[in-house]
Amino acid sequence: PLTAPTPGRAPPSPSIYIVKPGDTLWRIAKRTGVDVETLVRLNELEDPNALQPGQRLILSGQTTLSGQPLPTSTPTPILCSLGCATPPPGCRIKAYRARLDGMPLYVLPEDPIYGFPRAELWFCREEDAQAAGWVHWTPSGPAGP
């Protein structure tokens, strides 16, 4: 059977909400923790502002009100997780090897030394540079863990 969600917890799948007088989709979203866009898609609402008291809204599940499956999102690939030879748009973390010992270092655009070293590789996310074994270089030397 369909049940109303417990406040502060993710709704069980599937669950419904009964619209009360004065409810808006935004208030329902805030109360249930389900974003407005999801409520519109699940319930195939042509006019999200035309809610009626007593109307049943689906809060979760894999299908819409008419039983159509929801589209699944395609994950966006993470660029340069292992480093790129040239920087894709938006990827600005420079990685280079130290001259003396070959230590793998990276600098961020906000670092004062950013303009000095020439990049051998580029990363889009700092956590990818770290996962690949590169160390953040600061004016006072390698950053600690």
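Reader: Let's start just after H2: which residue there takes a positive phi?
Author: That residue is Glu-44, which comes just after H2 in this predicted model, and its phi is positive at about 50°.

Reader: Which residues of H2 are buried?
Author: In helix H2, which spans residues 36-43, the buried residues are Thr-38, Leu-39, Leu-42 and Asn-43. Around the axis they cover an arc of only 110°, and therefore they sit on the same side of H2. What covers them includes helix H1 (25-32) and strand S2 (56-58).

Reader: Why does Asn-43 count as buried?
Author: Asn-43 has a relative accessibility of 3%, and buried means under 20%, so Asn-43 counts as buried. A polar atom of the Asn-43 side chain also lies 2.9 Å from the backbone oxygen of Leu-39.

Reader: OK, new topic: how many residues make up the largest nonpolar core?
Author: The largest nonpolar core is made up of 11 residues in all, among them Tyr-17, Val-19, Leu-39, Leu-45 and Leu-57. The element that gives the most to this core is H1, with three residues. Apart from it lies another core of eight residues, including Tyr-96, Ile-113, Tyr-114 and Ala-119. As a general point, nonpolar side chains tend to be buried together in soluble globular proteins.

Reader: What is Leu-57 in contact with?
Author: If we leave aside its neighbours within four places in sequence, Leu-57 is in contact with residues including Ser-15, Ile-16, Tyr-17, Leu-25, Asn-43 and Leu-51.

Reader: Now the sheet, please: what order do the five strands have?
Author: The five strands form an open sheet with mixed pairing, in the order S5-S3-S4-S6-S7. Its edge strands are S5 (121-123) and S7 (141-142), each of which pairs on one side only.

Reader: Which way do S3 and S5 run, parallel or antiparallel?
Author: S3, which covers residues 93-97, and S5 run antiparallel and are joined by three bridges, and Ala-95 stands opposite Leu-121 in S5.

Reader: How many bridges do S3 and S4 pair over?
Author: S3 and S4 pair over four bridges in the antiparallel sense, with Lys-94 opposite Val-107 in S4. The two strands form a hairpin that has six residues between them, and in the turn Gly-102 has a positive phi of about 75°.

Reader: What about S4 and S6, parallel or antiparallel?
Author: S4 and S6 (residues 135-138) pair in the parallel sense over two bridges, and the bridge partner of Leu-105 in S6 is Val-135.

Reader: Which residues of S4 point which way?
Author: Pro-104 and Tyr-106 point one way from S4, while Leu-105 and Val-107 point the other way, and all are buried. In a regular strand, side chains alternate between the two faces of the sheet.

Reader: Last topic: how many disulfides does the structure hold?
Author: The structure holds two disulfides. One is formed by Cys-80 and Cys-84, whose sulfur atoms are 1.9 Å apart, and this link is left-handed, with -110° about the S-S bond. Another joins Cys-91 to Cys-124, with an S to S distance of 1.6 Å.

Conventions. Residues are numbered from 1 along each chain as its sequence is written. This is a predicted model: local features need pLDDT of at least 70, side-chain atom pairs count only at pLDDT 80 or more; totals for chains, interfaces and linings use all residues. Side-chain values use heavy atoms; hydrogens and water are left out. Buried means under 20% relative accessible area, exposed over 50%, partly exposed in between (1.4 Å probe, protein chains only). The arc is that of the directions from the helix axis to the C-beta atoms. Contact means heavy atoms within 4.5 Å. Two strands pair if DSSP finds at least two bridges between them. A nonpolar core is a set of buried Ala, Val, Leu, Ile, Met, Phe, Trp, Tyr and Cys residues joined through side-chain atoms within 4.5 Å. A polar contact is a pair of N or O atoms within 3.5 Å; within protein, one must be able to donate a hydrogen and the other to accept it, and residues adjacent in sequence count only if both atoms are side-chain atoms. A disulfide is a pair of cysteine sulfur atoms within 2.5 Å.
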